[in-house]
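Trainee: I have a chain on screen and want to learn how to read it. Can we go feature by feature?

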Amino acid sequence: MKEFINLEPEVVMQLGDDPQVGALVSGGLLTCSPNLPLKEVARRMSRAKVSCILVTQKEEILGIWTEGDTRKLDFTDQDLSTTLISSLMSSPVISVDSTARLSETAAYMKEQGLRRLLVTSQEGKPLGMLTQSDLVRHQGVENYLLMRNVGSSIRRPPLRLYASLTIAEAVVRLREAGAEAAIVEQGKGQPASIITERDLIALLAEEVTALTLQDLATHELFCVPKDMSLLHAVDLLREKGFRHLGVVDCDAEGNPTDLLCGLLSFTDILSSIEYEYVNQLRAALEARDLALKTSTEHLILAQKVIEASLDGIIITDNKGIIQAVNPSFTTLTGYSPEEVLGKTPAVLSSGRHDKNFYKSMWNSMLTQGYWQGEVWNKRKNGEIYAEWLTITGIRNSKGSIRQFAAIFSDITDRKLKEEQIHSMAYYDELTGLANRRLLLDRLKQALANAHYHKHKMGLLFLDLDFFKRINDSLGHQAGDEVLQQIARRLEQSVREGDSVARLGGDEFLVLVPEVESLHLLEALAARLISVLTKPLNVQQNHLVVSTSIGISVFPGDGETPEMLLKHADTAMYRAKETGRNSYCFYDAQMGERSYADLAIEHGLRTALENRILHLVYQPKIDVGSRRWIGMEALLRWDDEHLGSVSPGEFIPLAEKLGLIEELGDRVIEQVCRDLQAWLAAGYKPPPVSINVSARQLVDYSFAQRVFNYLESYAIPANLIELELTESCLVIGDESDQYHLLKEFEARGIKLSIDDFGTGYSSLSYLRKLPISTIKIDQSFILELPASHEDAQLVKAIIGMASALGMNIVAEGVETSAQAMLLHGLGCSVCQGFWLARPAKVEKVTGWLAAMTQDEWPEFPKNWQPIVFRD
């Protein structure tokens, strides 16, 4: 059953050209059946470039689905694209008769918050859709739009979203904010972009592939100044085919700035239109045209326009003496006409502006006949308010100014919102601490003071250790709570006069503007470490977060903000290298190390681009049966300038630079290529172990990429084993990482723990997670058989693995005595230089060709295993 709105023609205001809505729609309605899946509906809407679709069956309209409905969807639902439109549509469809007048229909749409109406014939047949852009285009409100600036339509600050947000998270934010669109922050130095409901339609239609806003929001936001007229803004929206414009603030001279203060859409424009005023204005303008024949009628109509205005209006003579005011003046200021006639506008003065301000205003009015800007005035009750004031000189037939007309509107609420935006520009939204911009301002002032008084000044650069693990295991909300609690502890731990700032992520800075001795900085750093490492209670979890602190001191470590920040950052990384949860002062040798790091970083990017990195394989041998049961793929980098770079150096760097996912994919693909070549040659290669980083485990598309490689190169899943370090395994029962590992297990890929015993060993994850193999770290093998303690530890690990039904591998086996001892303890599978060094693919091919019944071709001679006894 459709719902029809009956708009009686006799109650519609017949003021000027007020067409019937049936004359404004052109038909061409897009329809679909109720059994069509959402994905196909989105494709049709995207191809037709429309904002809605009617759901029909046997010529009956069942419901409607619009772009705005995309904000109601759960983008984490894997079955979303196949959901039938009948379960998502809105019903009944709100309609209007084609004979209804546009003005009354527009008022109804504004009152009900509707963005479109179905227009039907008198027989009830659908004719077309009436949209907000139709209202703006045909209502004849050009004069009203010309008199209003863009800033008058901005009711709230724009919704801002980080580019790193997932699509599902972004849709939730749009829904919670009730916003049609949002600004997407792409990062420092990059222009902002925009995400709209139409982008979500394109995503549902699979015209684009996106995981995060970074992928989806690719259009740079087109911006206009807030003092531009609404009419000009509407023309831009039509000319460029946009549905939203960014609005930027203006400085005191009226020049646009880079500070975004809003998003403008047709919804905002329509919401800001006061229809009673528009109708009165339309009537007055029409009457004015007719009244040109007689000056009396002209004056009467002009007076009606002034009286109908929602803005305050003041008429003065050329000396500034008030001659007339309108009713809105009294409403806004509290002064009656009798109280101000014969006086100057100085009666409203708030005292916030000096003589030079008013002198400049008068000079502009007398020379140019015009002035516009913000003014702080005072109401009769003493309340200070902000107004947007436009003063225009009225000239006589000789061109001389004989009067001034001042029009003003109350913008106090808007100024309060601007102050909020200013706060966002200088303070971190999450923690309330000073942000980088404010910190740099304070640092410059502190430097100037230190220069003048010739005293020392200190910077403490703090970075939380392993903070990413909290986000990955407990989620970003928990990470945000940790950052907020850390911020409060920092503020409570510094002296009055010291400044605490959050630079971004998990990085904080403490500015000590005056330092008497370095011992005080040491004491402060030690106190901060002690305070921050106390347990935190986050989401019913007790967490311990440590920090690494780098310290730079003026003037010894630099005389500019940039140099002091850079050196404090360098010292912080040295503190991490020396064990974390410590502090370190900067010295010049660290700078030399940073230049070496830059050289390695450049070399690594070049090596990735030119595919210089290569794989070697180290066998795993069962020393009891002499069988070759597996091998580990190891990445190597030989650079013509840097020489042979250790994986222990370039792998952490790849993690830091965000290159580890690309590096990991390269390794997996190359292993698949090599296995494919060996299988094609008729060899029987053993399973290959591949090291996996923590970053890969939090990438939900990682598993699918692995399966795609196996399918593309026709590699059986049992030939691949993924090796995880213990630091990867801070995983809950219901986490995404847990499900990822279970997915690997279900597809036949084995999982093992590398370097066991060096991380956060826990029987709980060994019991819950689908781990098939434990690799004993070489640090426990190194001192065997001499170290009785290490032998007992190894024996305990082997016993635990055996009890859990897991395989065990010992790495770093370099002597026959070590192999004999391990075999006796119950660990027969060894990996190390005593058996074979890592070899290039050509040598591995030779080994495979020489194999006889799986026996290792180069097994050490005279090997006699023994059984270990206590």
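This is a predicted model: local features need pLDDT of at least 70, side-chain atom pairs count only at pLDDT 80 or more; totals for chains, interfaces and linings use all residues.

Trainee: How should I think about side chains in a strand?

Mentor: In a regular strand, side chains alternate between the two faces of the sheet. Now take another set of strands. Five bridges join β30 (residues 720-725) to β31, and the two run parallel. There, Glu721 stands opposite Lys750 in β31. β31 also pairs with β32 (residues 773-776) through three bridges, again parallel. Ile753 stands opposite Ile774 in β32.

Trainee: Why is β31 described as largely enclosed?

Mentor: Count its buried residues. Five of the seven residues of β31 (residues 750-756) are buried, so the rest of the structure largely encloses this strand.

Trainee: Which residues are buried in a helix such as α17?

Mentor: Helix α17 (residues 467-474) buries Phe467, Arg469, Ile470, Asn471 and Ser473. Gly475 follows α17 and has a positive phi, near 100 degrees.

Trainee: Now single residues. Where is Ser121, and is it buried or exposed?

Mentor: Locate the residue, then check accessibility, then list contacts. Ser121 is in the loop between β6 (116-120) and β7 (126-131). Its relative accessibility is 11%, and the cut-off for buried is under 20%, so Ser121 counts as buried. Leaving out residues up to four places away in sequence, Ser121 touches Asp97, Ser98 and Leu127.

Trainee: What about aromatic rings? How many pairs are there?

Mentor: Read two values for each pair: the distance between ring centres and the angle between planes. The count is 13 aromatic pairs. Trp628 and Trp847 form an edge-to-face pair, 6.2 Å centre to centre with 85 degrees between the planes.

Trainee: Which parts of the chain does that pair tie together?

Mentor: Trp628 lies in strand β27 (residues 627-639) and Trp847 in helix α31 (residues 841-850), so the pair ties together parts 219 residues apart in sequence. Both Trp628 and Trp847 are buried. Next, look at Trp834 and Phe859. Their ring centres are 6.2 Å apart and their planes are at 75 degrees, so this pair is edge-to-face. Trp834 is in the loop between β34 (829-831) and α31, while Phe859 is in the segment after α31, 25 residues apart. Both Trp834 and Phe859 are buried.

Trainee: Which residues form a ring cluster?

Mentor: Phe357, Tyr358 and Trp371 are linked into a cluster by ring pairs.

Trainee: Where do charges sit over rings?

Mentor: Check the charged end against the ring centre. The charged end of Arg379 sits over the ring of Tyr385, 4.2 Å from its centre. Arg837 places its charged end over the ring of Phe833, 4.0 Å from the centre.

Trainee: And the whole chain?

Mentor: Finish with totals. The chain has 31 helices and 34 strands. Of its 870 residues, 49% count as buried. The chain exposes about 42900 Å², and carbon and sulfur atoms supply 50% of that area.

Trainee: What share of contacts joins residues at least 24 apart?

Mentor: The share is 62%, among contacts between residues at least 6 apart in sequence.

Methods: Residues are numbered from 1 along each chain as its sequence is written. Side-chain values use heavy atoms; hydrogens and water are left out. Helices (H or I, at least four residues) and strands (E, at least two) are DSSP runs, numbered from the N terminus. Buried means under 20% relative accessible area, exposed over 50%, partly exposed in between (1.4 Å probe, protein chains only). Contact means heavy atoms within 4.5 Å. Accessible areas come from the Shrake-Rupley method with a 1.4 Å probe; for residues, only the protein chains shown count as cover. Rings of Phe, Tyr and Trp (its six-membered ring) pair if their centres lie within 6.5 Å; planes under 30 degrees apart count as stacked, over 60 as edge-to-face and the rest as tilted. A charge sits over a ring if NZ of Lys or CZ of Arg is within 6 Å of the ring centre and within 35 degrees of the ring normal. Two strands pair if DSSP finds at least two bridges between them.
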